[in-house]
Amino acid sequence: MAEILKMTQPLITAEAVSRSYLKGQHQVPVLRGVCLAAARGEFVSVIGQSGSGKSTLLHIMGLLDSPDVGEVLLAGSRIDNLNRAARDQLRNHVFGFIFQFYHLLPELSLLENVMTPLMIRHSIFGFLKRRREIRDAALSILQQVGLEHRLKHRPSELSGGEMQRGAIARALVGQPEILLADEPTGNLDADTGAGIMELLNRLNQDQGLTIIMVTHDNAIASQAHRTVQLVQGRIQAAGREITTDPQQRRTA
Ligand code: ADP
Ligand code: MG
């Protein structure tokens, strides 16, 4: 029974999540009972206009923010109410984040940027002991995203597409189960954006990485298995059938 549950249960779930922000004197609702679940290996996109709460939702699902009401579940267990240390652990081990503006650290080389999550994971002593292992992991993931020729470059010496590939490498170096992508192509030209989408699709198909991506761009959103829409603080199906067969998706 436990085995069956494991197979049918979503990997990550936002359950009736509400969140509002104080603007001046007023509490302004942003999310009003959002329900969103992704199965293991699924690539879900959430489309919504600017200001519709996409980033807020992603931050809550990745434990960067907390819901006012509702729950976040990982493989069926509630995680949003865990203590800070446990949430930090999950953020470092289970979730990888990528952002529209990459958020690479400007004073570090690309290789150092990608090593950062593993440096945080281990204590200073642990890091020194595992330095080579951590460097090799960062090198290997940078190879996978096609950046092995840019290791010593600072972010300012990279193109937008390279910075986003670097940010993807940093998000994946700790082998997370879930990648949360916030407008990952939002600052890139169409061709470079298409390259990033190809990379995300490859990671999803080849490695079974679960991806939740938010975007305001229909063409980008439609490259996921399934698209839902965030409207007035709630999720609705985006009104079209999307095949989950990767073969068909590629030619669609
Ligand atoms: P999106 O990512 O879809 O553009 P956001 O989730 O960033 O939308 O924001 C949704 C709404 O919540 C916006 O009106 C925004 O101004 C507001 N908001 C987001 N974060 C905060 C915050 N930390 N404090 C106050 N208001 C916020
Ligand atoms: Mg946003």
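Predicted model: local features only at pLDDT ≥ 70, side-chain atom pairs only at ≥ 80, totals over all residues.
## Leu-151 and its surroundings

Leaving aside neighbours within four places in sequence, Leu-151 is in contact (heavy atoms within 4.5 Å) with Ser-109, Leu-110, Leu-111, Leu-139 and Leu-142. You will find Leu-151 in the loop between α6 and α7. Helices (DSSP runs of H or I, at least four residues) and strands (runs of E, at least two) are numbered from the N terminus. Leu-151 counts as buried because its relative accessibility is 18%; buried means under 20% relative accessible area, exposed over 50%, and partly exposed in between, using a 1.4 Å probe and protein chains only. From C-alpha to C-alpha, Leu-151 and Val-114 are 9.5 Å apart in space, while 37 residues separate them in sequence.

Residues are numbered from 1 along each chain as its sequence is written, chains are lettered from A and ligands numbered from 1 in the order in which they are written, and side-chain values use heavy atoms, leaving out hydrogens and water.

## Helices α4 and α6

How far apart are the axes of α4 and α6, and at what angle do the helices pack? Helix α4 (residues 110–121) and helix α6 (residues 131–144) have axes 9 Å apart and pack at an angle of about 120°. Axes are lines fitted to C-alpha atoms, for helices over the stretch in contact, and angles run from 0 to 180 degrees between N-to-C directions. The two helices are therefore oblique to each other. Here, angles under 35 degrees count as roughly parallel, over 145 as roughly antiparallel, 65 to 115 as roughly perpendicular, and the rest as oblique.

On the α4 side, the residues that meet α6 are Leu-110, Leu-111, Val-114, Met-115 and Leu-118. Their partners in α6 are Ile-134, Arg-135, Ala-137, Ala-138, Leu-139, Ile-141 and Leu-142. Sorted by class, this contact has 11 nonpolar, no polar and 1 charged residues. In this sorting, Ala, Val, Leu, Ile, Met, Phe, Trp, Tyr, Cys and Pro are nonpolar, Asp, Glu, Lys and Arg are charged, and the others, Gly among them, are polar.

## Helices α7 and α8

Now look at helix α7 (residues 160–172) and helix α8 (residues 190–207), whose axes come within 9 Å and cross at roughly 20°. That angle makes α7 roughly parallel to α8. Gly-161, Gln-164, Arg-165, Ile-168 and Leu-172 of α7 meet Thr-192, Gly-195, Ile-196, Leu-199, Leu-200 and Leu-203 of α8. By class, the α7 and α8 contact holds 6 nonpolar, 4 polar and 1 charged residues.

Is Gln-164 buried or exposed? Gln-164 is buried, because its relative accessible area is 0%. This residue of helix α7 is in contact with Ile-98, Phe-99, Gln-100, Tyr-102, Pro-184, Leu-188 and Ile-196, once neighbours within four places in sequence are left aside.

## The six-stranded sheet

Next comes an open sheet of 6 strands, in the order β6-β7-β8-β3-β9-β10 and with mixed pairing. Two strands pair if DSSP finds at least two bridges between them. The edges are held by β6 (95–98) and β10, each with a single partner strand, so one side of each has no neighbour in the sheet. From one strand to the next, the twist averages 20°. α7 packs on this sheet, touching β6 and β7 (178–182), and its direction makes about 165° with that of β6.

Strand β3 (residues 43–47) pairs with strand β8 (residues 210–215) in the parallel sense, over 5 bridges. There, Phe-43 stands opposite Ile-211 in β8. Strands β9 (residues 226–231) and β10 (residues 234–237) run antiparallel, joined by 4 bridges, and Gln-229 has Gln-236 in β10 as its bridge partner.

## Positive phi angles

In the hairpin of β9 and β10, with 2 residues between the strands, Gln-232 takes a positive phi near 50°. Ala-16 is not a glycine, yet it has a positive phi of about 50°. Ala-16 is found in strand β1 (residues 12–23) and is partly exposed, with a relative accessible area of 34%.

Gln-175, also not a glycine, has a positive phi of about 50°. Gln-175 sits in the loop between α7 and β7 and counts as exposed, at 68% relative accessibility.
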